[in-house]
Amino acid sequence: MAIVPCGSTWVARWGVQPQFISRPSITNKLLAAPRCLSTKIRASVSPSSNIFSQDSLHALFHSGPSRNLCHRRGARLIVRANTDFYSVLGVSKNASKSEIKSAYRKLARSYHPDVNKEPGAEQKFKDISNAYEVLSDDEKRSIYDRYGEAGLKGAGAGPGDFSNPFDLFESLFDGLGGMGGMGGMGMGGRGSRSRAQEGEDQIYNLVLNFKEAVFGVEKEIEVTRLETCGTCNGSGAKAGTRPSKCTTCGGQGQVISSARTPLGVFQQVMTCSTCGGTGEISTPCNTCSGDGRVRKSKRISLKVPAGVDGGSRLRVRSEGNAGRKGGPPGDLFVIIDVIADPVLKRDDTNILYNCKVSYIDAILGTTMKVPTVDGMVDLKIPSGTQPGTTLVMAKKGVPVLNKSNMRGDQLVRVQVEIPKRLSADERKLIEELSNLNKAKATSGRR
């Protein structure tokens with residue numbers, strides 16, 4: 001607020017251009033004003049008053065008849081505001097801070113949206129919170145008592161600039177701990193930062209050979225993780241001491257800083273530097289240095305299901321780091337890595353194998369043994385098998401994950417080997433076969 005000289009008097013300025021009005025004209029307007037005025041402000045003025053808000057002047061010079069009650073006592077005119085914060089809380093104007101706080105707590109319990117589902121309850125809750133925010137602050141209350149809501153607007157704290165009513169409610173009820181059963185209800189996760197926190201998840205890389213991944217295996221692994229400190233039972237406080245509420249943030253773990261700018265009041269929420277966001281101050285435990293957890297190793301028996309592959313992730317619940325302040329532990333995630341087989345290749349649930357056969361076996365057909373994940377198995381090569389033919393060995397592939405009674409196939413690709421060198425007898429026989437084929441082809445054309 002700035003006091004700007006205007007003519008022969010002074011006018012209170014809240015972001016408006018000065019209006020040059022002489023003292024006599026203002027005084028005459030005041031004395032000649034109707035006994036009832038309609039306005040959104042409350043201001044006390046007199047013929048000798050030196051301070052007027054913009055809204056007050058507007059109300060005095062442009063107001064018309066209204067039913068709003070106004071009184072004239074001697075030379076003083078009182079224009080009442082539409083919103084009476086004292087009436088909202090049901091207290092008198094000379095009520096003490098404790099009476100105002102008690103009234104707010106009682107009304108806030110009754111009209112909190114998580115308890116009262118009636119239409120209009122939430123708006124009533126906000127009005128109660130706004131009234132308490134003003135009347136609980138000595139500076140705001142003083143401005144409100146003198147100039148009403150118009151004065152609050154001029155001070156940068158208009159009706160649209162109130163704090164979040166739920167944050168105000170939480171600060172008074174200590175994160176809902178004093179609500180007697182309301183804790184955890186619909187507050188969007190608000191609460192003291194000192195509450196229980198879930199432990200972090202852990203990751204372990206497990207290497208399996210090809211057949212272990214196909215058929216599954218039981219493994220015993222050793223993990224290093226954070227466990228609850230046995231000395232302080234996870235509190236982080238030294239034995240014989242107890243954590244106390246941080247006086248800097250009031251146990252909220254956060255502090256709010258405000259900055260007044262030409263655009264309004266900006267608020268920034270930051271982690272409390274005193275308690276590190278926990279909301280508590282304590283003498284740290286000598287064993288865990290105040291963390292409430294210590295690092296230990298543990299052996300865990302792990303059952304790997306059949307059908308896992310490289311990159312598969314197994315989740316072992318509650319085997320991660322211990323939680324803070326009694327919170328639940330995190331989970332252990334086991335990442336699978338599979339060593340490739342030099343002969344058999346995997347394609348999802350199918351096994352791929354390349355089988356080499358001689359040109360004679362491809363022509364005449366044969367039975368040969370081929371490797372599978374189940375061991376060596378006989379495979380029949382039909383006569384006349386062409387190079388690149390794929391033969392299917394049903395249900396010789398990988399079990400479907402979590403459905404071990406279902407398996408893929410083994411796909412055998414036939415590679416016909418053509419000899420680069422022939423003996424004299426082999427060449428003679430091949431030439432005789434060639435002559436027979438030519439004679440057959442000639443007789444066929446006839």
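In which helix does D145 lie? The notes below take up this question after some remarks on the model as a whole.

1. This is a predicted model, in which local features need a pLDDT of at least 70 and side-chain atom pairs count only at pLDDT 80 or more, while totals for chains, interfaces and linings use all residues. Residues are numbered from 1 along each chain as its sequence is written, and side-chain values use heavy atoms, with hydrogens and water left out.

2. On confidence, the protein chain has a mean pLDDT (the predictor's confidence in each residue, from 0 to 100) of 77, and 72% of its residues reach 70 or more. Over residues 1-81 the pLDDT is below 50, and this stretch has 134 contacts (heavy atoms within 4.5 Å) in the model beyond near neighbours in sequence. The pLDDT is also below 50 over residues 174-194, a stretch with 44 such contacts beyond near neighbours in sequence.

3. The protein chain holds 10 helices and 22 strands; these are DSSP runs numbered from the N terminus, with at least four residues of H or I for a helix and at least two of E for a strand. Of its 446 residues, 36% count as buried, where buried means under 20% relative accessible area, exposed over 50%, and partly exposed in between, with a 1.4 Å probe and protein chains only. Among contacts in the protein chain with a separation of 6 or more, 62% are between residues 24 or more positions apart.

4. D145 lies in helix α6, which covers residues 138-154. With a relative accessible area of 38%, D145 is partly exposed, and its side chain joins that of Y86 in a polar contact of 2.7 Å. A polar contact here is a pair of N or O atoms within 3.5 Å; within protein, one must be able to donate a hydrogen and the other to accept it, and residues adjacent in sequence count only if both atoms are side-chain atoms. D145 and L135 are 10 residues apart in sequence, and their C-alpha atoms are 9.4 Å apart in space.

5. R293 lies in strand β12, residues 293-304, and counts as buried because its relative accessibility is 6%. The side chain of R293 makes a polar contact of 3.1 Å with the side chain of D291, and a polar atom of the R293 side chain lies 2.8 Å from the backbone oxygen of A322. Not counting residues up to four places away in sequence, R293 touches several others, including E200, E227, N321 and R324.

6. Strands β17 (residues 366-372) and β18 (residues 375-381) pair in the antiparallel sense over 7 bridges, pairing being assigned if DSSP finds at least two bridges between two strands. The two strands β17 and β18 form a hairpin with 2 residues between them, and P371 stands opposite M376 in β18.

7. An open sheet of 4 strands runs in the order β15-β16-β22-β19, with mixed pairing. Because β15 (345-347) and β19 (390-393) stand at the edges with a single partner strand each, one side of each is left without a neighbour in the sheet. The twist averages 35° from one strand to the next, with axes taken as lines fitted to C-alpha atoms (for helices over the stretch in contact) and angles running from 0 to 180 degrees between N-to-C directions. Within this sheet, β16 (residues 350-358) and β22 (residues 410-417) run parallel and are joined by 8 bridges, and V357 has V416 in β22 as its bridge partner.
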